[in-house]
2 protein chains.
Amino acid sequence: MGEFGLIDRISENIQLEQTSSEKGIGDDCAVLNYGGPTRTLVTTDLLMEGVHFDLQYVPLKHLGYKSVMVNLSDIYAMNGTPRQITVSLAVSKRFTVEDIEELYAGIRLACEQHHVDIVGGDTTSSLTGLAISITAIGEARPEDIVYRSGAKETDLICVSGNLGAAYMGLQLLEREKAVFEQQRRDSAGKNTQAIPFEPDFSGREYLLERQLKPEARRDIVEALASAGIRPTSMMDISDGLSSELMHICKQSGVGCRVYEERLPLDYQTAVMAEEFNLSVITCAMNGGEDYELLFTVPLTDHDRVSQIPDVKVIGYITKPELGHALICPDGSEFELKAQGWNPLQ
Amino acid sequence: MGEFGLIDRISENIQLEQTSSEKGIGDDCAVLNYGGPTRTLVTTDLLMEGVHFDLQYVPLKHLGYKSVMVNLSDIYAMNGTPRQITVSLAVSKRFTVEDIEELYAGIRLACEQHHVDIVGGDTTSSLTGLAISITAIGEARPEDIVYRSGAKETDLICVSGNLGAAYMGLQLLEREKAVFEQQRRDSAGKNTQAIPFEPDFSGREYLLERQLKPEARRDIVEALASAGIRPTSMMDISDGLSSELMHICKQSGVGCRVYEERLPLDYQTAVMAEEFNLSVITCAMNGGEDYELLFTVPLTDHDRVSQIPDVKVIGYITKPELGHALICPDGSEFELKAQGWNPLQ
């Protein structure tokens, strides 16, 4: 039934009893109301070795950094400010204390950059791989919180940064890993000096960085606030644009039209896609782990939002009857599908 | 260097930058101040299959229930009220949807009993065993929060319930598992009908319940409030009384004297200890997972605290120079050692 089926099945029976539970499962964060001037935002992620990361090519410091960023990204996606995290680790015997300190160095670096405190956690042993569970806590004034459900007809659909680069970075790492393993197999049993492996990443550093060291877009949240724009809906793109757009449309009860030629793409992403014989548009629509922000703004904010650097208007919100369309340069239309792909799940 | 060494080493460099971070690592919960009438309490636990639980004898529903209880227990230990939890699961292919629903049934039952909402989480796959990460969020008025650090000379040391039973329950389960595995080995290759395994638990149900279905002591927190008693220090006993007493003494800068004959023991715990040739006092002092509350109250509360059912005064707080002493019935004294043992770490 797949992960989403299971989550749907489990969460459909969940009812909220506490008056302080303003929003439960179903958005980037839970929203709690403890009676203060701000609402408390909570989000959590559990990352498992071999499923969400491969330590053959992910340095521990990068892993720590990314583990924090994916959670902070969820807080920003509510238009909130992250304040604290808790960090739980399960560590098997093959990790040294230095390894764990390296992981923590990345966790701390991410926290420092976003002024977030580590206030708790749990360190335990694991019989198998590494598990990392991070919970982020943040706050937002009630009037500032942006849900997935607020998109309105004629709203503009915007994304920050560019799309598909993290996915291409992963393809690149996987390819070099396969080359390395083939070399190792070829030299097995031969009495030759081991040839040091030199992965070919030249000119591809940006793609690797997008995969290994994503940045949560606080700058975009701040730029929107400075411009006096309050998005009508927002979420972060962890699963691929296509899948996330479907979430916003479903929860807002609307449709959308997105223009292929408006999709923000980096040059390296396009070059790599060609090298891999992949459609760069498919990578941009369905590649995961971009951690960019997807949001909608009222049509009247068009001029203001267009002036924000690194934000692009890619389409607009329609009546629900019009479905979810990707418009090609020749005018042909494709129905979007949520074939999102994200190892971080 | 052990788990505590690692945690100490990691957490010693952690500084708090946010004004909302009132208390970070080092107590049962973090305490956050978001400007409302109450403080927000946060605690988290990561439980790994094979380390913290053995699915050969732990039913999934019990596991779900216990996973929640251990977190709620930390909120009560701050004299707070739990309100929400997030639940993250990493599940390998050998689990069916029904298995996960069974686990969730236990999670939900625990939540219902304590009026706690499930507001978020994450369900992912795992290459190996089951991982469960729960974060609990609660609240307390600032004047009600009880830390580990407030114990004062002449304060009375109190515990709820009885001690060592969960540890004996685990010994019992481990013994029956060993018997079962021996039977299986004995019958391997023999062309006989498999004999159904019938573990011998008769008369030991209480010990099993203490191990498999611990209850967070909300009732004690409520009874203390009704009696008008505010403990000077408090924590939950997850690691063994001895280890937890040392935490309170260290953080409060005091010593303690605890009387062996005052330790609350259940009859079944004593019988099982004898059967296993273990000292019941060692089990009570060092056995883990009791999830009872350990707290101190001013001497002037003696009469009031003595009237609370299921609470026992076991000793008192001294000057730090007097160390941490366990007093035997013959008057001899032993220095307490933190040889706490807890698979939930």
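At 3% relative accessibility, C283(A) counts as buried, where buried means under 20% relative accessible area, exposed over 50% and partly exposed in between, with a 1.4 Å probe and protein chains only. This is a predicted model, in which local features need pLDDT of at least 70, side-chain atom pairs count only at pLDDT 80 or more, and totals for chains, interfaces and linings use all residues. Residues are numbered from 1 along each chain as its sequence is written, chains are lettered from A and ligands numbered from 1 in the order in which they are written, and side-chain values use heavy atoms, with hydrogens and water left out.

**Cysteines**

- A disulfide is taken as a pair of cysteine sulfur atoms within 2.5 Å, and by this rule the count over all chains comes to 0.
- C111(A) is in no disulfide, and the nearest cysteine sulfur, that of C29(A), lies 15 Å away; C111(A) is also buried, with a relative accessible area of 3%.
- For C283(A), the closest cysteine sulfur belongs to C328(A) and is 15 Å away, which is too far for a bond.

**Chain A as a whole**

- Chain A holds 10 helices and 13 strands, where helices (H or I, at least four residues) and strands (E, at least two) are DSSP runs numbered from the N terminus.
- The radius of gyration of chain A is 21 Å, close to the 20 Å that the globule rule gives for 345 residues, so chain A is as compact as a globular protein of that length; this radius is taken over C-alpha atoms, and the rule is 2.2 Å times the number of residues to the power 0.38.
- Along its principal axes, the C-alpha trace of chain A spans about 70 × 55 × 40 Å, and buried residues make up 57% of the 345 residues.
- Among contacts in chain A (heavy atoms within 4.5 Å) between residues at least 6 apart in sequence, 84% join residues at least 24 apart.
- Chain A exposes about 14,300 Å², of which carbon and sulfur atoms supply 50%; accessible areas come from the Shrake-Rupley method with a 1.4 Å probe, and for residues only the protein chains shown count as cover.

**Positive phi in two loops**

- Most residues other than glycine have a negative phi.
- N79(A), in the loop between helix 2 (60–76) and strand 4 (81–91) of chain A, has a positive phi near 70° and is buried, with a relative accessible area of 15%.
- N277(A), in the loop between helix 8 (267–275) and helix 9 (280–286) of chain A, has a positive phi of about 60° although it is not a glycine, and N277(A) is exposed, with a relative accessible area of 74%.

**Helix 4 of chain B**

- Helix 4 (residues 165–187) of chain B has 23 residues and should span 33 Å at 1.5 Å a residue, which agrees with its end C-alpha atoms being 33 Å apart; the expected span is 1.5 Å times one less than the number of residues.
- The buried residues of helix 4 of chain B, including Y167(B), M168(B), E176(B) and K177(B), pack against helix 5 (205–212), helix 8 (267–275) and helix 9 (280–286) of chain B.

**The two copies**

- Chain B can be laid on chain A with an RMSD of 0.0 Å by a turn of 180° and a shift of 0.0 Å along the axis, and the two copies are thus related as by a two-fold rotation axis.
- This superposition is by least squares on the C-alpha atoms of residues with pLDDT of at least 70 in both copies.
- Of the residues of chain B, G36(B) comes closest to the rotation axis, at 1.7 Å for its C-alpha.
- The same surface serves both copies, in that 100% of the contact residues of chain B recur in chain A.
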